[in-house]
Amino acid sequence: EEYFNDIVRKNILYTLYSNHVFLDYYSSDYNPLVIFSISNGKLDYYSGDRPDFSNLAVLSDPAYINQKSDTVSRVLNSFYNNLIKPVEGYIQGRRNIHISSKSEFAVVPFEALVADLNKPNHFLGDDYCIQNRFSLLINPLYKYTNYSIPVSLFTLNPSYIKHSDLLFNKKLCHELKDKYQAVSVNRLKDLPEKNPFILQISAHGYFDSTLMKPALLLNDSEIVTHNGIENMSSSPLLACLIMCESGRGVIKLYEGSDNLGRSFAANGTPAVITSLWKADDKASALIMSSFYRFLSEGLPVHDALSAAKREFRENNPEMIHPFYWASLLSTGDNLTISLKS
């Protein structure tokens, strides 16, 4: 209890002298919606109505992707009105919004929320750096880590026979090898045990509805789930899980989504990038290519991913629909990492 209270005090104090605000979303049968906010050195909370999470299906439903419809904008605006508008006073003048999402809030792409229906292509992430966090205990606000020594990059990009190869992600991994001396590995056990490194996984993934667990498909027959990750002898500084539904998992009331990213965090990885729904091969490869460039230029992880998404939307207006970019979430510490080049 003393340890917990000390962390809470430090997190509250951190917001007093910085442009950071922390929002913790929680819901239960007795409390439909509770938003705890830490801003300007104060802890407050708001209670309201629980949003209809089933509406988020329009973000990943193919029926809404290739047609001009304002349905998506209305849904994203309604979530803004439910989840952000009540706490607008706490985030005004701030730059960094840290979000910890319990229960179903873990499936909300906060960065893609729309504040004004008259500006349907202007998103919350364009105005703020949205930093998703597992919890204040795992990722305290005041914790800052800068890795100035060049860090190695490893890629895992399997070849498939029964399943289609991810051609754009395969090209991305070759690009990472040329630019950042990325080393290709075939198994998780081939990763180094001691030296700090980044892991880029470009592979097929899916949510196993039978086991109720997300899974990584390393090849046509080898499947890796939570146990294979949590029993790894090493843990990367950053795990980029660019695979379908790597950010999807069983919803737990007090924790959020029990996904593969959380498995890496449980094994000691301070920052992860996951996908909430099916990842588009071309879009994810283009975004991650820009992400590594911004990371190598000195931007922290969360800022680099946000900048990469904005650049993607500007350069690919035909893929401005949130399906292509909003599923990629960065969760954990906002690390500054120097890449080998």
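Phe53 counts as buried, with a relative accessibility of 12%, where buried means under 20% relative accessible area, exposed means over 50% and partly exposed lies in between, computed with a 1.4 Å probe on protein chains only. The model is predicted, so local features need pLDDT of at least 70 and side-chain atom pairs count only at pLDDT 80 or more, while totals for chains, interfaces and linings use all residues. Residues are numbered from 1 along each chain as its sequence is written, and side-chain values use heavy atoms, with hydrogens and water left out.

**Aromatic pairs**

- Rings of Phe, Tyr and Trp (its six-membered ring) pair if their centres lie within 6.5 Å, and planes under 30 degrees apart count as stacked, over 60 as edge-to-face and the rest as tilted; the count comes to 10 aromatic pairs.
- The rings of Tyr25 and Phe110 form a tilted pair, because their centres are 5.0 Å apart and their planes stand at 40°, and both Tyr25 and Phe110 are buried.
- The rings of Phe53 and Phe79 are likewise tilted, with centres 6.1 Å apart and planes at 50°; Phe53 lies in the loop between strand 3 (42–48) and helix 2 (71–83), and Phe79 in helix 2, so that the pair links distant parts of the chain, 26 residues apart, helices (H or I, at least four residues) and strands (E, at least two) being DSSP runs numbered from the N terminus.
- Phe79 counts as buried at 1% relative accessibility.
- One aromatic cluster is formed by Tyr25, Phe53, Phe79, Phe105 and Phe110.

**Charges over rings**

- A charge sits over a ring if NZ of Lys or CZ of Arg is within 6 Å of the ring centre and within 35 degrees of the ring normal; the charged end of Arg293 sits in this way over Phe294, 4.7 Å from the ring centre.
- Arg313 lies over the face of Trp325, at 4.8 Å from the ring centre.

**Nonpolar cores**

- A nonpolar core is a set of buried Ala, Val, Leu, Ile, Met, Phe, Trp, Tyr and Cys residues joined through side-chain atoms within 4.5 Å, and the largest has 70 residues, with Leu23, Tyr25, Leu238, Phe291 and Tyr292 making the most contacts inside it.
- Helix 8 (residues 281–296) gives the most to this core, with 8 residues.
- Apart from this core lies another, of 22 residues, among them Tyr160, Val185, Ile201 and Ile229.

**Ser263**

- Ser263 lies in helix 7 (residues 260–266) and is buried, with a relative accessible area of 0%.
- Leaving aside neighbours within four places in sequence, Ser263 is in contact (heavy atoms within 4.5 Å) with His226, Ile229 and Glu230.
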